[in-house]
Amino acid sequence: MAAPVIIPAAVEGMVDDVVVRRLIAFAGGQAGTVYGRNGKQALRQKINGYNRAARHRPWVVLVDLDREADCAPPLRDEWLSDPAPNLCFRVAVRAIETWLMADAETLARFLGVSRTLISGYPEELENPKEAMVNLARRSRRRAIREDMVPRHGSGRPVGPAYTSTLSEYAETYWRLDVATHYSDSLRRALACIRRLVADTRSELSTLK
């Protein structure tokens with residue numbers, strides 16, 4: 001039996017951690033340590049270090065596009081002009097929430113909302129996080145509303161258990177194979193990691 005291809009990663013936050021682990025496993029690899037989880041600016045400050053590490057082994061870095069650019073390539077070029085061959089530096093358009101919305105049927109059941117409320121083109125949403133909160137606001141389930149919708153006067157954009165609730169969905173219910181049909185940036189990210197796994201296996205086989 002072939003040895004597993006272990007791939008470390010770096011991400012912005014906790015939901016991204018779950019998503020990148022799912023992606024690596026679905027691509028046939030095994031997630032190593034996932035670094036970051038301290039926000040976008042902290043991730044950017046360390047991108048060159050992650051790129052240097054990718055000169056010696058496969059790596060994945062996942063970041064949200066947000067509103068920093070109109071599309072992913074300019075953001076990638078701004079962050080990293082010379083990516084290592086073993087680095088999959090992928091951008092979620094416009095945020096990790098769009099990848100989760102891309103499996104609309106499952107998300108609708110999880111949130112307790114009508115399927116018709118979820119956009120069939122999630123990557124066109126200007127503010128996916130706000131869209132996700134608004135879906136939760138219309139949930140038939142009190143627990144979803146209390147967990148994901150910010151409390152009046154809190155000044156926060158999301159509810160107290162927004163992250164843990166989405167992490168549960170991403171880890172347990174999200175159908176990645178379905179979502180790739182409705183999110184181009186997700187499909188590209190999965191393809192990149194699959195190539196990384198295949199190339200690493202090929203390299204390992206030549207060393208035997």
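Helix H9 (residues 162-172) puts six-letter names aside and shows its inward side through Tyr 162, Thr 165, Leu 166, Ser 167, Tyr 169 and Ala 170, its buried residues.

The buried residues of helix H9 (residues 162-172) are Tyr 162, Thr 165, Leu 166, Ser 167, Tyr 169 and Ala 170. Buried here means under 20% relative accessible area, with exposed set at over 50% and partly exposed in between (1.4 Å probe, protein chains only). Helices are DSSP runs of H or I with at least four residues, strands are E runs of at least two, and both are numbered from the N terminus. The model is a predicted one, in which local features need pLDDT of at least 70 and side-chain atom pairs count only at pLDDT 80 or more, while totals for chains, interfaces and linings use all residues. Residues are numbered from 1 along each chain as its sequence is written, and side-chain values use heavy atoms, leaving out hydrogens and water.

What do the buried residues of H9 pack against? Their partners are helix H1 (14-26), helix H5 (96-101), helix H6 (104-111), helix H7 (128-137) and helix H8 (142-148), a contact being heavy atoms within 4.5 Å.

H6 has 6 of its 8 residues buried, so the rest of the structure largely encloses this helix. The residues in question are Ala 104, Thr 106, Leu 107, Ala 108, Phe 110 and Leu 111, and they pack against H5, H7, H8 and H9.

Aromatic pairs number 6 in the structure. Rings of Phe, Tyr and Trp (its six-membered ring) pair if their centres lie within 6.5 Å; planes under 30 degrees apart count as stacked, over 60 as edge-to-face and the rest as tilted. One of the pairs, Phe 110 with Tyr 173, is tilted, at 5.4 Å centre to centre and 45° between the planes. Phe 110 sits in H6 and Tyr 173 in the loop between H9 and helix H10 (176-179), so the pair ties together parts 63 residues apart in sequence. Phe 110 is buried, at 12% relative accessible area, whereas Tyr 173 is partly exposed at 40%. Elsewhere, Tyr 35, Tyr 50 and Trp 59 make up one aromatic cluster.

As for the whole protein, there are 11 helices and 4 strands. Buried residues account for 48% of the 208. Of the contacts between residues at least 6 apart in sequence, 71% join residues at least 24 apart. Along its principal axes, the C-alpha trace spans about 60 × 35 × 25 Å.
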